[in-house]
Amino acid sequence: MEKFIVSGLIWFLVLFTTELGVASAAWLRAHATFYGGSDASGTMGGACGYGNLNTDGYGIKTAALSTVLFNEGKSCGGCYTIVCDANQVPQWCLRGTSITITATNFCPPNYALPNDNGGWCNPPRPHFDMSQPAFETIAKYKAGIVPILYRKVGCKRSGGIRFSMNGRDYFELVLISNVGGGGEISGVWIKGSKMNKWESMTRNWGANWQSLRYLNAQSLSFKVQLSNGKTRTANNAVPSNWRFGQSFITNVQF
């Protein structure tokens, strides 16, 4: 029976990865817990800087990542497919299920507790603290914590990349959300309509990127690069009459 269960899980993963076109991709081991309540309301906001995850394009299929996976915010917006490891805890897994989540938050370490008993997000553990609805897609609520198999995948988004303007004069803090493809942003450039060349922005925190120029009364264009090297340009993504606190959705996507 045990051999049947193991071979069945392996066959499921082979079929699943082949369907995604990533048959050679490796599945890695980790653990998953959940937070945020049955409606995932407690997952809004977070260390990536997203506000309402529904309007920012991520919904409730999200997770907070442990230190080793969060990578100081560089993993924000990335997507992972997760499968409960029924080989280890068949009584807690929902067989034949999987879910693809987006990294939207950070699961901080708790050094007061041991890594294997409450300090789930302590380094060097890879760990996903999933929204409760996402967790319950692959495992039973009463499990609390389950071993999983995960792999990084491409992100599928509805609509274009979203730019939200925050900050103040000479300090434009731009939240970039609803990013498809690789999802993880590695570089951003900005160009105002009164500028002659592109200027690189710096990551302030999470998915927030900053410029220290005076950009008022200029239409703004952005060039966004992902960790996989792919780049998209959103020309005149923000009109010249923009104001701090406004968000703009483009027709550009990966």
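**Briefing: fold and nonpolar cores of the protein chain**

The protein chain comprises three helices and 15 strands. Its radius of gyration is 20 Å, close to the 18 Å that the globule rule gives for 254 residues, so the chain is as compact as a globular protein of that length. The model is predicted.

**Overall dimensions and packing**
- The C-alpha trace of the protein chain spans about 70 × 40 × 30 Å along its principal axes.
- Among the 254 residues of the protein chain, 47% count as buried.
- Of the contacts in the protein chain with a separation of 6 or more, 69% are accounted for by residues 24 or more positions apart.

**Nonpolar cores**
- The largest nonpolar core holds 32 residues, of which Ile82, Ile101, Phe128, Met130, Val146 and Ile148 touch the most other members.
- Two or more residues of this core come from each of several elements, including strand 1 (28–35), strand 3 (79–84), strand 4 (99–106), strand 5 (127–131), helix 3 (132–138) and strand 6 (146–153).
- Another core lies apart from it and has 23 residues, among them Val174, Phe222, Val224 and Val238.
- In soluble globular proteins, nonpolar side chains tend to be buried together.

**Contacts of Ile148**
- Beyond its neighbours within four places in sequence, Ile148 is in contact with Leu28, Arg29, Ala30, His31, Ala32, Ile82, Val83, Cys84, Asp85, Phe128 and Ile138.

**Surface and charge**
- The accessible surface of the protein chain is about 12100 Å², and 53% of this area belongs to carbon and sulfur atoms.
- The protein chain carries 23 positive and 13 negative side chains; the centres of the two sets are 8 Å apart.

Terms used
Residues numbered from 1 in each chain as written. Predicted model: local features only at pLDDT ≥ 70, side-chain atom pairs only at ≥ 80, totals over all residues. Heavy atoms only, no water. Core = buried A, V, L, I, M, F, W, Y, C linked by side-chain atoms within 4.5 Å. Buried < 20%, exposed > 50% of the residue type's maximum accessible area, 1.4 Å probe, protein only. Helix = DSSP H or I, 4+ residues; strand = E, 2+ residues; numbered from the N terminus. Contact = heavy atoms within 4.5 Å. Rg over C-alpha atoms; globule rule 2.2 N^0.38 Å. Areas by Shrake-Rupley, 256 points an atom, 1.4 Å probe, with all protein chains shown as cover. Lys, Arg positive; Asp, Glu negative; His and termini not counted. Charge placed at Lys NZ, Arg CZ, Asp CG, Glu CD.
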